[in-house]
Amino acid sequence: MRSLLYCPANTPKMMIQAGIYGANAIVFDLEDAVAPEEKDEARILLSEFLKSMDFGDAGLIVRINALDSPYWEQDLQTLIPLQRAVIRLPKIERPEEVVRADRSISSLEEESGIPAGWTKLHILLETPLGIENAFAIAAGSKRIEAIAFGAEDYCSSTGIRRTGEPYALDYVRSRIVSAAGSYGLACYDAVWGVLSDPERLEQEARRARALGFDGKSVIHPDQIEIVNSVFSCTDEELSWAKRIMDKSSNGVSEIDGRMIDAPVVAQARRILQLHSSYAEHKHNS
Amino acid sequence: MTITAGKKEKQDVLVTISPGTEPLQVIIGSKVDTLYGKSIRDTVEAVLDEYGVHTGIVAVEDQQALDLVIRARVIAAIQRLRRRDGERGIEGERT
């Protein structure tokens with residue numbers, strides 16, 4: 001997935017339209033986008049949307065409330081029986097928190113007659129402690145399929161200014177990429193919240209892609225095209241990948257002076273698979 | 001004391017429940033009442049029946065909401081009222 005569009009889970013107008021903009025996934029937000037006094041009605045509204053609304057081929061993700069809040073268990077009780085969405089866990093700092101959520105989900109799956117392990121997780125790391133524990137957290141549950149970065153909270157916990165140089169978050173991003181790669185997980189970069197600065201959005205997306213991220217969360221439909229473009233395979237990459245696959249299948253072990261070994265073939269195969277999945281999404285959108 | 005759910009925003013709906021002992025009265029307000037008034041009323045009454053609500057006044061201020069939104073907001077209002085009043089003025093459980 002290249003673009004993951006956040007959508008407040010208590011705003012019908014936005015929820016109705018969320019699937020039409022070409023985002024690869026919609027992240028319905030029960031956490032920061034919903035005021036405490038609206039949590040209950042947001043949960044019910046989202047439930048009705050997930051039961052009835054067709055969102056095309058966009059993946060469906062729900063960011064539930066943090067595990068130190070009084071809301072997350074009710075969020076799961078509402079969502080798990082629907083068997084419709086990936087759960088994004090915010091502000092994770094320790095592997096024990098993932099284990100706690102995993103157990104709760106397992107119990108709800110059993111109660112609802114849902115196959116064990118059906119529900120998948122995205123882990124949102126947004127504090128220094130979470131970043132430092134990224135490897136242990138990534139190993140915390142077989143349900144985890146991706147790690148996402150939450151930059152605003154991270155920056156508020158450190159001296160990093162989000163308006164500063166883009167390299168300021170390189171260490172954090174690289175650690176997430178490395179942790180995700182260690183366990184075969186996808187990783188998604190943080191949102192860029194300044195809607196009036198699409199140049200910086202593109203700059204951030206390019207930086208994240210160069211560091212190894214698979215995609216980026218966005219907070220406005222106008223950001224989708226930029227992110228999809230940055231995280232798409234270039235013509236040059238596609239051409240290279242096709243040549244590698246052609247030559248390797250013919251037993252050639254060198255192209256343009258570069259040895260073709262198993263990791264190079266794996267990189268080429270990944271590029272072609274990504275391109276194929278993006279083309280399929282575009283076709284269905 | 002009334003309870004509300006939803007908002008008076010486009011494609012949303014504001015549902016207000018005033019508990020009481022008189023037979024149920026449903027009041028619909030909508031710009032598209034002529035075309036969709038009956039459909040809105042059917043949706044609201046179906047949820048109220050599903051949750052066993054047979055008394056009080058339920059006012060619905062529709063802002064051209066989808067059926068599923070109307071349904072969600074009525075459910076939320078009922079659940080809020082039941083949490084607050086412990087069933088007072090609203091009879092029965094979800095059927």
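Begin by selecting B:Asp12 together with its surroundings: apart from neighbours within four places in sequence, B:Asp12 is in contact with A:Pro12 of the other chain, and with B:Gly6, B:Lys7, B:Asp62, B:Gln63, B:Gln64, B:Ala65, B:Val69 and B:Arg73. The model on display is a predicted one. B:Asp12 belongs to the loop that runs between β1 (3–6) and β2 (13–23) of chain B. Is this residue buried or exposed? With a relative accessibility of 0%, B:Asp12 counts as buried.

**The helix pair of chain B**

Next, select helix α1 (residues 33–50) of chain B together with α2(B); their axes come within 9 Å and cross at roughly 35°. The crossing of α1(B) and α2(B) is right-handed. To display the contact, show B:Ser39, B:Ile40, B:Thr43, B:Val44, B:Val47, B:Leu48 and B:Glu50 on α1(B), and B:Asp67, B:Ile70, B:Arg71, B:Val74, B:Ile75 and B:Ile78 on α2(B). Sorted by class, this contact between α1(B) and α2(B) comprises 8 nonpolar, 2 polar and 3 charged residues.

**The nonpolar cores**

Which residues touch the most other members of the largest nonpolar core? They are A:Phe28 and B:Val44, in a core of 94 residues. The element that gives the most to this core is helix α2 (residues 67–85) of chain B, with 10 residues.

Now centre the view on A:Phe28. Beyond residues up to four places away in sequence, A:Phe28 touches A:Cys7, A:Ala9, A:Met15, A:Leu46, A:Leu50, A:Phe55, A:Leu60, A:Ile61, A:Val62 and A:Arg63.

**Helix α3 of chain A**

Proceed to helix α3 (residues 72–79) of chain A and select its buried residues A:Trp72, A:Asp75, A:Leu76 and A:Leu79. These four lie on the same side of α3(A), because they cover an arc of only 95° around the axis. An α-helix has 3.6 residues a turn, so residues three or four places apart point the same way.

On α3(A), A:Trp72, A:Leu76 and A:Gln77 meet A:Arg100, A:Ala101, A:Ser104, A:Ile105 and A:Leu108 of α4(A). The classes represented in this contact are 5 nonpolar, 2 polar and 1 charged residues.

**Two loop residues with positive phi**

Follow chain A out of α3 to A:Gln83, in the loop between α3 and β4. A:Gln83 is not a glycine, yet its phi is positive, at about 55°. The residue is partly exposed, with a relative accessible area of 32%.

For the last stop, select A:Lys91, which is found in the loop between β4 and α4 of chain A. What is phi of A:Lys91? Its value is near 50°, which is positive although the residue is other than glycine. A:Lys91 is partly exposed, with a relative accessible area of 27%.

Note on methods
Residues are numbered from 1 along each chain as its sequence is written. Chains are lettered from A and ligands numbered from 1 in the order in which they are written. This is a predicted model: local features need pLDDT of at least 70, side-chain atom pairs count only at pLDDT 80 or more; totals for chains, interfaces and linings use all residues. Side-chain values use heavy atoms; hydrogens and water are left out. A nonpolar core is a set of buried Ala, Val, Leu, Ile, Met, Phe, Trp, Tyr and Cys residues joined through side-chain atoms within 4.5 Å. Buried means under 20% relative accessible area, exposed over 50%, partly exposed in between (1.4 Å probe, protein chains only). Contact means heavy atoms within 4.5 Å. The arc is that of the directions from the helix axis to the C-beta atoms. Axes are lines fitted to C-alpha atoms, for helices over the stretch in contact, and angles run from 0 to 180 degrees between N-to-C directions. A crossing is left-handed if the near helix is turned anticlockwise from the far one by less than a right angle, and right-handed if clockwise. Ala, Val, Leu, Ile, Met, Phe, Trp, Tyr, Cys and Pro count as nonpolar, Asp, Glu, Lys and Arg as charged, and the others, Gly among them, as polar.
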